[in-house]
Amino acid sequence: MTWRTADSIPQEKLNAIRVERELFDLQHPQPWDEATLAEYYRQFEGRYQNWLDEGAGACLLRRAELRRAVEDVIMRFDRSRYVVYALVVMPNHVHVLFMPLGGHSIAGILKGWKGVSARAVNDATGRDGSFWQKESWDHCVRSAAQFRKFLNYIRANDPAIAYIACETEGRR
C-alpha cells in the first residue's frame, strides 16, 4: 500500500496518468497475469514513484517526530488487526506491506491509519484540512517473488528508517 500527502504530486501530472491508466484498464481487463502486471508497473509505477521521490510539497514527514507519529499509528494494531511486514515513511508518502487479519478490511485499516495520522500531524503543526491525498495505490501480492520485490523496494527507499519485520523481530 502506498499513499501520499495531498501536496506531493502536481494535479496536471495526476490527471495525465489517470487518463493513461483508464485506457490501460480498458485494454487489459482484470485479473491480470504476471506479464500484464509487469507491463502496468513499467508504464505507471516508475513515473508515479519518481514524482513522489522528487520531493514536491511541504514534505512535513521529513521531521522525525511527525514520521514517528505516522509509524506509531500504523504499528498500533500490528498483529491484532493486521500484520505489518515492512514500513517506510518518506518525506511525502508512505509504503506499507501488510496483511489484514480477522475480517478487517484493507479499506478500513487504511482509513484508520490516514485519519488518525492526519489528525496527529495537523495537531503537531497547527494545520487544518486534508493532509493525505484521498487516493492510494494498493497491490495484491500474488507470489513469493512479488512479496520479496515489495519488501526490497521498501527497504531500498531509506534503509535507515525502514521497518522490516523479519529483520527487527523483538526490537519494536
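This is a predicted model: local features need pLDDT of at least 70, side-chain atom pairs count only at pLDDT 80 or more; totals for chains, interfaces and linings use all residues.
Q: Are helices α1 and α2 roughly parallel or roughly antiparallel to each other?
A: Helix α1 covers residues 11-27 and helix α2 covers residues 34-53. They pack with their axes 11 Å apart, at an angle of about 175°. Angles over 145 degrees count as roughly antiparallel. The two helices, α1 and α2, are therefore roughly antiparallel.

Q: How many charged residues does the contact of α1 with α2 have?
A: On the α1 side the contact is made by K13, I17, E20, R21 and F24. These meet T36, E39, Y40, Q43, F44, R47 and W51 in α2. By class, the contact has five nonpolar residues and two polar ones, and the number of charged residues is five.

Q: Which strands are the edge strands of the open sheet?
A: The open sheet has four strands with antiparallel pairing, in the order β1-β3-β2-β4. An edge strand here pairs on one side only. That applies to β1 (2-4) and β4 (163-164).

Q: Which residue in β4 stands opposite A86?
A: Strand β2 spans residues 82-89. It pairs with β4 in the antiparallel sense, over two bridges. The residue in β4 that stands opposite A86 is I164.

Q: At about what angle to β2 does helix α3 run?
A: Helix α3 is made of residues 64-75. It lies across β1, β2, β3 (93-100) and β4. Its angle to β2 is about 170°.

Q: How many residues apart are W3 and W132, which form an aromatic pair?
A: The structure holds 14 aromatic pairs. One of them is W3 with W132, an edge-to-face pair with 5.8 Å centre to centre and 75° between the planes. W3 is in strand β1, while W132 is in the loop between α4 (106-125) and α5 (144-157). The pair links distant parts of the chain, and its separation is 129 residues.

Q: Is W132 buried or exposed?
A: A residue counts as buried under 20% relative accessible area. W3 is buried, with a value of 0%. W132 has a relative accessible area of 6%, so W132 is buried.

Q: In which helix is F150, the partner of Y41 in an aromatic pair?
A: Y41 and F150 form an edge-to-face pair, 6.2 Å centre to centre with 85° between the planes. Y41 is buried at 13% relative accessible area, and F150 counts as buried at 14%. The two are 109 residues apart, with Y41 in helix α2 and F150 in helix α5.

Q: Which residues do ring pairs link into a cluster with W3 and W132?
A: W3 and W132 pair edge-to-face. Ring pairs also bring other residues into a cluster with these two: Y82, F98, W113 and F131.

Q: What is the C-alpha to C-alpha distance between A56 and I9?
A: A56 is in the loop between α2 and α3. Leaving aside neighbours within four places in sequence, A56 is in contact with D7, S8 and N92. A56 and I9 are 47 residues apart in sequence, and their distance in space is 6.3 Å.

Q: Is P91 buried or partly exposed?
A: P91 is in the loop between β2 and β3. Not counting residues up to four places away in sequence, P91 touches C59, L60, L61 and R62. Buried means under 20% relative accessible area. P91 has 22% relative accessibility, so P91 counts as partly exposed.

How values were computed:
Residues are numbered from 1 along each chain as its sequence is written. Side-chain values use heavy atoms; hydrogens and water are left out. Axes are lines fitted to C-alpha atoms, for helices over the stretch in contact, and angles run from 0 to 180 degrees between N-to-C directions. Angles under 35 degrees count as roughly parallel, over 145 as roughly antiparallel, 65 to 115 as roughly perpendicular and the rest as oblique. Contact means heavy atoms within 4.5 Å. Ala, Val, Leu, Ile, Met, Phe, Trp, Tyr, Cys and Pro count as nonpolar, Asp, Glu, Lys and Arg as charged, and the others, Gly among them, as polar. Two strands pair if DSSP finds at least two bridges between them. Rings of Phe, Tyr and Trp (its six-membered ring) pair if their centres lie within 6.5 Å; planes under 30 degrees apart count as stacked, over 60 as edge-to-face and the rest as tilted. Buried means under 20% relative accessible area, exposed over 50%, partly exposed in between (1.4 Å probe, protein chains only).
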